[in-house]
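Dear colleague,

Please find the structure below, handed over for your reference.

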Amino acid sequence: MRRTRGKRFSTDEFMRYLWIHLRSDLCSNLGIDGRTSFFHREHDALRGRNVRLYRELGDSTTMTNENCSPYEFKAIYQLANLFKRYCFADDLFTDQERKENTNAKFIGLQARLATYYDRRMPLGVLNLLQEARGLVREVLGKYSEEEHLVYCQFGVKATIGCPASQAYIDEKLCRRPITGSKEHLQWFTNYCAGDKLLASVIKLNKTGPTHTKCLLNVTVPKSYKIDRGITPNTLVGTLYTSGLGKLIELRLREIGLDIRKLQQAHGRYAERFSRTRTHATADLSNASNMYVSSLLNRLLPREWYNAVKRGVIRDVEVDGKTYRCESIMTMGIGFTFPLQTLLF
């Protein structure tokens, strides 16, 4: 239930009627009898306000005919996925269940990644990693701490000790704790020595530096089945990792891979190859979380590996328990996206 200008209205009812009317329009445009056409079971479930039955009927895209026209496929796919990211009040999974599913998946992945596997790595894989390391070294060049410092900046999102609703720069620097790992805080002291304005602002903070031993794994909405897990970084950690991420982005641009334009380029590739069917895309599950310390050590030049490791806090709190996180590039760390773009 939502409120606007003193009036109450139900977003669930709005979304339910949106689906029903969209289906009616699509049936009309496609010349299909709405009483016997696609999604008739889902239609009856939503008209009867039975959301759980609607979900349990499964993925309706399996009902599409592979010989249908592009417009028909687009229409049916749109309708089938309209509620993928919307959660009803009486949905198949409650907020707590989605959170539990997310945390269980994260903990299970970390347990699997903790299994030591390098000892018997096939020779072919070792040779491949060695070749990849050479390519990565060629792209990154020599790590420069001075250049790294130029690109550092505070983020606009939540950090440890400062929620997203209060994530303003004056709030973070003057009224919230200056959070960071031991390595973060040591680095920050040297960083402030070269920035007199920042140092003077930090002096106004009565809370002072706060040693953070572990990050907090939190969940944000993703779909009606499961949430997305993220680990907000420390305040100093965001400053450090943002600079490292931008430095890697710069190195990628120098070889023609501009992250700011890659999404549009990939869209053009997808459109072209949807016609020729000579290429396909691969969507990897837990893509960023799959990079563990031992793999990064094999792929990155030593000075870059040490720089990445310095920005990471390995312990993560999930539901009140602390776990050793095997993943190095979790969501919420500034260098995650550019670094995994380079390594892929």
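A search of the whole structure finds 12 salt bridges, where a salt bridge is a side-chain nitrogen of Lys or Arg within 4 Å of a carboxyl oxygen of Asp or Glu. This is a predicted model, in which local features need pLDDT of at least 70 and side-chain atom pairs count only at pLDDT 80 or more, while totals for chains, interfaces and linings use all residues. Residues are numbered from 1 along each chain as its sequence is written, and side-chain values use heavy atoms, with hydrogens and water left out.

One of the salt bridges joins R16 to E13, with 2.9 Å from N to O. Both residues belong to helix 1 (residues 11-30), and because they are three residues apart there, about one helical turn separates them. Helices (H or I, at least four residues) and strands (E, at least two) are DSSP runs, numbered from the N terminus. R16 is buried, at 3% relative accessible area, whereas E13 is partly exposed, at 25%. In these terms, buried means under 20% relative accessible area, exposed means over 50%, and partly exposed lies in between (1.4 Å probe, protein chains only).

E13 also meets R49 in a salt bridge, at 3.1 Å from N to O. E13 lies in helix 1 and R49 in the loop between helix 2 (40-47) and helix 3 (51-56), so this pair ties together parts that are 36 residues apart in sequence. R49 is partly exposed, with a relative accessible area of 46%.

A further salt bridge is formed by the side chains of R260 and D258, at 2.9 Å from N to O. Here R260 is exposed, with a relative accessible area of 56%, while D258 is buried, with a value of 13%.

Two strands pair if DSSP finds at least two bridges between them. Strand 8 (residues 315-318) pairs with strand 9 in the antiparallel sense, over four bridges. Within this part of the sheet, V316 has Y323 of strand 9 as its bridge partner.

Yours sincerely
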